[in-house]
Amino acid sequence: MLYTVGEMAELLGVAASTLRYYDQEWLLPFVERSRGGIRVFTEKDYGPLKVIGCLKKSGLSVKEIKAFIGLAQEGDATLEQRLEIFRHRKAAVERQ
């Protein structure tokens, strides 16, 4: 099933402008576009979008999230690096 920005935003509980901003900041390299250039989301995009939302809520910057996404796109070889990002963020949240 395909979703518009508004439909996916509603599923995620965020504003459509948030998804547009994430796309503008290159946080959504996996999102495809229609022939007319409109963002088209699929069910497989939901999980990564939830992760981005969680990372943002935890206090990671857009730059840090972008680095995380880059690692994720490299595949399983970066699992330990991504886990380390989670560990550092968890420690920072606990200190707060």
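Reader: Which residues are linked with Asp23 in a network of salt bridges?

Author: The model is predicted, so local features need pLDDT of at least 70 and side-chain atom pairs count only at pLDDT 80 or more, while totals for chains, interfaces and linings use all residues. Residues are numbered from 1 along each chain as its sequence is written, and side-chain values use heavy atoms, with hydrogens and water left out. A salt bridge is a side-chain nitrogen of Lys or Arg within 4 Å of a carboxyl oxygen of Asp or Glu. In the network, Asp23 is linked with Arg33 and Arg39.

Reader: How many residues apart in sequence are the parts that the pair Arg39 and Asp23 ties together?

Author: Arg39 and Asp23 form a salt bridge whose closest N and O atoms are 2.6 Å apart. Arg39 belongs to strand β3 (residues 39–42) and Asp23 to helix α2 (residues 16–24), so the pair joins parts whose separation in sequence is 16 residues. Helices (H or I, at least four residues) and strands (E, at least two) are DSSP runs, numbered from the N terminus.

Reader: What separates Lys90 and Glu94 in helix α5?

Author: The side chains of Lys90 and Glu94 meet in a salt bridge at 3.2 Å, N to O. Lys90 is exposed because its relative accessible area is 53%, and Glu94 is exposed at 57%. The two residues are 4 apart in helix α5, which means a separation of about one helical turn.

Reader: In which helix do both Arg87 and Glu84 lie?

Author: Arg87 and Glu84 form a salt bridge at 3.5 Å, N to O. Arg87 is partly exposed at 44% relative accessibility, and Glu84 is partly exposed at 32%. They are 3 residues apart, about one turn, and both lie in helix α5 (residues 79–95).

Reader: Which residues make the nonpolar surface patch of about 220 Å²?

Author: Patches consist of residues with over 30% relative accessible area and no salt bridge, like charges being joined within 9 Å and nonpolar side chains (Val, Leu, Ile, Met, Phe, Trp, Tyr) within 5 Å. Accessible areas come from the Shrake-Rupley method with a 1.4 Å probe, and for residues only the protein chains shown count as cover. Val51, in helix α3 (residues 43–58), is partly exposed at 34% relative accessibility. The patch is made by Val51, Leu83 and Phe86.

Note on methods
Buried < 20%, exposed > 50% of the residue type's maximum accessible area, 1.4 Å probe, protein only.
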